[in-house]
Amino acid sequence: MKIAIMMRAIDQPTGFRSYMEGVVSTLLRIDQENEYLLLYRKPDFLGRFSDHKNVKEMLIGPLHVLLWDQVAVPLAARREGADVIFNPKFTAPLLTRIPTAMVVVEPTWWATPSDHPWWDVAFIRMTLPLYLPKAR
């Protein structure tokens with residue numbers, strides 16, 4: 001099986017970077033059978049996991065987050081023959097026939113919305129109900 005992983009969260013200088021590195025490092029360490037396609041939005045961490053035989057890393061554009069998530073990732077995954085698209089963060093490509101999986105790390109937009117800018121809260125509250133049914 002070929003698993004495409006959306007590596008966008010590794011660009012964030014927060015706990016998400018540590019989380020991403022931990023999730024991907026662990027997957028690659030324990031799973032030598034599947035192939036992994038790591039899709040990056042920025043070049044900063046490209047090559048980070050190149051020492052694994054079952055990994056192909058790709059830099060794909062565009063840089064705009066929404067276009068990257070919804071257009072560039074599904075196109076690259078399809079072109080590379082991915083069987084599933086996995087995002088360790090809380091989005092899923094909506095316009096793809098490839099099965100998707102995602103993780104909702106911390107749904108603080110509902111629990112403590114005052115901790116986030118209002119536009120983030122509004123965006124997540126609008127889009128998460130679309131992503132959840134799409135993810136398998």
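Which residue in S2 does Met-6 stand opposite? Select Met-6 and look across: the residue facing it in S2 is Leu-39. Before you go on, note that this is a predicted model, where local features need pLDDT of at least 70 and side-chain atom pairs count only at pLDDT 80 or more, while totals for chains, interfaces and linings use all residues. Residues are numbered from 1 along each chain as its sequence is written, and side-chain values use heavy atoms, with hydrogens and water left out.

**Stop 1: strand S1.** Select residues 2-6, which form S1. Strands (E, at least two residues) and helices (H or I, at least four) are DSSP runs, numbered from the N terminus. Here 5 of the 5 residues are buried, meaning under 20% relative accessible area with a 1.4 Å probe, protein chains only (exposed is over 50%, partly exposed in between). Colour Lys-2, Ala-4 and Met-6 for one side of S1, then Ile-3 and Ile-5 for the other: both faces are covered.

Stop 2: S1 and S2 run parallel, joined by 5 bridges; two strands count as paired if DSSP finds at least two bridges between them. Find Lys-2 and you'll see Glu-35 of S2 opposite. Next, bring in S3, residues 55-59, which runs parallel to S2 with 5 bridges between them.

Stop 3: Together, S1, H1 and S2 make a right-handed β-α-β unit. To check the hand, point the strands away from you: the path from the first strand over the helix to the second runs clockwise.

**Stop 4: the cores.** Which residues touch the most other members of the largest nonpolar core? Among its 25 residues, they are Ile-5, Met-7, Val-24, Leu-38 and Phe-49. A nonpolar core is a set of buried Ala, Val, Leu, Ile, Met, Phe, Trp, Tyr and Cys residues joined through side-chain atoms within 4.5 Å. H1 gives the most to this core, with 4 residues. Zoom in on Phe-49: leaving aside neighbours within four places in sequence, its contacts (heavy atoms within 4.5 Å) include Met-7, Val-24, Leu-38 and Val-55. Finally, select Met-6, Met-58, Ala-72 and Ala-82, which belong to a second, separate core of 14 residues.
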